[in-house]
Every structure is written in C-alpha cells, then in structure tokens.
Amino acid sequence: MNAPRCPLGRRALIAAAALVVAACSGASPPADDAASKGGGGAGGESVPSDGGQGGQGGREADIMECVDECPAESGGITIGCKKRFMFGMNYAWHNFAGDFGGIAAWGRRGVAAEADIHAKNLADIRAHGASFVRWWMLPELRGESVVFDANDEPASLGATTRRDVQKALELAEQADVNLVFCLFSFDNFHPTRLDTDVKTVGIGPIVTDAKRRAKLIDKVVRPIARAVAQSPYQHRMVAWDVINEPELAMTGSSPDKGPNYEPDPQVEPIEHAQMQAFLRDTIKALRAESRALVTIGSASMKWARSWRDTDVDFYTFHINDRVNLYWPYNQSPADYGITDKPVVMGDFPIAGLATATLPTLLESWYSQGYAGAISWAYSDATTTELEAIKAFADAKGCDVRY
C-alpha cells in the first residue's frame, strides 16, 4: 500500500509561501486545509473553478485563504482551490424516481421521510473511501416529485421535493460526502403512461416545445437549484449531472459526422439539436441559480464529441463490457481526442469489466490523467468490492479526498 502523499516538508513550504504572499498583499493568512470540509468549507459556498465556460471563479480573498496542500498528481477536478481525483460511487437511488418527492401510491417515501436509511447508506459509502455520491433525482416524472396541470404542463415541485433535496444535503454533511445530483435520465423519454394508478409523464413532447420546455425549467429545474442554494449545506452539492446517458434518447447523426445515436427501443427519441436546446436552456438556468459545476453523463466514449459545444465544466463518460470492446478503458483522454476539459468516468461496473478488475480500472484511469472515477453502484456492491474501493482510497490518500 502506498503511503499518502503530502509530506510535512511540502506542506510547510506551501504554507510559508502563502504567508509571504499574504503579508505582501495585506490579506489574512490561509486557513489550514484540514479545517475545511467538502467543496467550500463548513460554512460557505463552494467556489468551483477548473474549466468550462461556467465555473464561477473565486474572489481574490477566497484564493488567498485557501492553499492546496495536496493537488492530484495527474488528472482531477478543482473545487474551491483543491484539485482532487473525483472518487466515488453511484448511490444511485433508494427508490427509483421516488427519493425526491415520493410515490405515495406505491408506498415509496422521499429522503426526509426515510432519513435513517439514507444516513446509514451514505455513512457506509464514506466508510469505504468514496467521497463523492452520484444521486439520481428525477429519472422519471411520476408520483409526487412534480405537480402537473390537466394538460401535463409542469406546475411546481411536489409538496416534499424541496424538503427532500435539503435533507439529502444535510445527510451528506453528516456523512462527510459530496453530492453530484443527476437531474434527468434517458428514461424520462419513455412515453407518458399509467402504471397501477401512477402516472408517469414523458418529457419528450415537453422539451421539444420551447414554451413547454421553459415551464419545465422554471417550475422544476430552477426551484431545485434554489433549494440547494438556500441550504446551509449547499457546499456539499458540488456538481450537476444534467442528464444520464442522453444519447440513448436520441436519433440521427452526432456532430462532426460522428456515429449515429442508438436510442433505447422503449423511448420516444429526439434529434441532437433538440437535446442540445434542452441541455443549453437547463444549464443556463443552473448557472443562474447555482455555483456548482456542470457535466453531462454521456453513455459512451463513442460520442466523445457530442457535447463539446455545450457549457460543461468537465466531461463524464460511462463504460461497460460492450463499450469496452470498441472504446477500451486503457486509453487516455488524449487518445480519444479529448484535451480541452477534464474527463471523469462516471458509471462503470463496481465488479470490474470482463477484461479488467476494479483495481486495474482505477489504476489505469488514475495514472492516465482521468479526473475521477464513480463506480456503479452502491446497491449492487459486494463486501469484497466495497473493500476494493476502500483499498484504492487508502492507497491514494489525500489525492482522492476534498
């Protein structure tokens, strides 16, 4: 096992240099790194940087108060002034499409009503070395998460959705984990349907109509972002994953004469320009309401060029055995022509691939300049797999902890 980096001598040199700069500028000396937890410290908002058009830069005073004593050796995501390998797990839900708002007819309750369950799970994730949790919010619009009018137009968040969002942040603070909230998924593009008296509203007809899309953003996306911003624990929500695997809800060709999209056979697919408009408008709203970073959970490196013109701070790609046959795990981002922004592997089997064990995957991405790895998924993990996650985190030390 490798000893964690950041030897005392290096810490002392950095601290001394910062004191000299502070003295010359008249600013206060930097706070000790150990005193700050999560993305932005225990008491304030995170100040994301590191790339993209939208990461809001910190004020000069913020920079002077923060010294990165343990920057990631290779790739990483910068939150505040800390550059770390974004290491975590997909939660990804306790109740699919029900954690935020609940599904009363099926007896599925939101986060606030089942806080003890989520607290236990988040604490266990943290105990096994993962400091990032990717948590799905509205992968389908059903139950009480969103209120719709008689015309299936979004009218407001459900009665408990805001409370569930803020309880999730509070539980993240208690467990000392950081959240990546995944707003939507390709699953949202299933047709509107009724399942045992519970209506699920498909968003395809909504996002392809400019006026209806604006309602979805104003009545759902913005209020969720505001619920985060108004929480005393907002610093625990460090990134928005706008949509999980959008390519599986798309048809036609991808940009720059790239590979055609391959939609899930059960969805109502839309074209690239339509999805781009939806993502553009959603991200614009998130930028206005939130200081968190933004990414898109792309289904595969196959579509590496699809979101280059989208206002994201880092790219996220998923991989499984089928993808690995053609776009193998052991290539660097540069090998895939990605050099403009950091790359996180945001969904891969926690059991590993047919050709690579979990430790092999993690070491490959860590050494080749990827900015993070978030495995799938906590609910599927065996004790052995969780211990492998912990072993990697222990070996890398402060490189994987914000």
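## Helix α6 and its partners

In this predicted model, helix α6 and helix α7, the latter spanning residues 272-289, pack at an angle of about 35°, with their axes 9 Å apart; helices (H or I, at least four residues) and strands (E, at least two) are DSSP runs, numbered from the N terminus. Axes here are lines fitted to C-alpha atoms, for helices over the stretch in contact, and angles run from 0 to 180 degrees between N-to-C directions. The crossing of α6 past α7 is right-handed, a term used if the near helix is turned clockwise from the far one by less than a right angle, with left-handed used if it is turned anticlockwise. On the α6 side the meeting residues are R213, L216, I217, V221, R222, A225, R226 and A229, and on the α7 side they are A277, F278, R280, D281, T282, A285, L286, A288 and E289. Sorted by class, this contact of α6 with α7 holds ten nonpolar, one polar and six charged residues, where Ala, Val, Leu, Ile, Met, Phe, Trp, Tyr, Cys and Pro count as nonpolar, Asp, Glu, Lys and Arg as charged, and the others, Gly among them, as polar.

Helix α4 (residues 161-175) also packs with α6 (residues 210-229), at an angle of about 40° and with the axes 9 Å apart. That angle makes α4 oblique to α6, given that angles under 35 degrees count as roughly parallel, over 145 as roughly antiparallel, 65 to 115 as roughly perpendicular and the rest as oblique. The contact joins R162, V165, Q166 and L169 of α4 to I224, R226, A227 and V228 of α6, where contact means heavy atoms within 4.5 Å.

Apart from its neighbours within four places in sequence, M275 is in contact with F189, I243, P246, A249, M250, I270 and W307.

## Backbone features

A cis peptide bond, with omega about -20°, joins Y91 and A92, and A92 has its place in strand β3 (residues 86-92). Another cis peptide bond joins W376 and A377, with omega about -5°; A377 is in the loop between β17 (372-375) and α10 (383-396).

Although A97 is not a glycine, its phi is positive, at about 60°. A97 lies in the loop between β3 and α3 and is buried, with a relative accessible area of 3%; buried means under 20% relative accessible area, exposed over 50%, and partly exposed in between (1.4 Å probe, protein chains only). D197, also a residue other than glycine, has a positive phi near 70°, but D197 is exposed, with a relative accessible area of 71%.

## The surroundings of R142

R142 lies in strand β5 (residues 141-142) and is buried, with a relative accessible area of 6%. Leaving out residues up to four places away in sequence, R142 touches F96, A97, G102, I103, W106, R193, V198, K199 and T200. R142 and I103 are 39 residues apart in sequence and 7.2 Å apart in space, C-alpha to C-alpha.

## Basis of the values

Residues are numbered from 1 along each chain as its sequence is written, and side-chain values use heavy atoms, with hydrogens and water left out. Local features need pLDDT of at least 70 and side-chain atom pairs count only at pLDDT 80 or more, whereas totals for chains, interfaces and linings use all residues.
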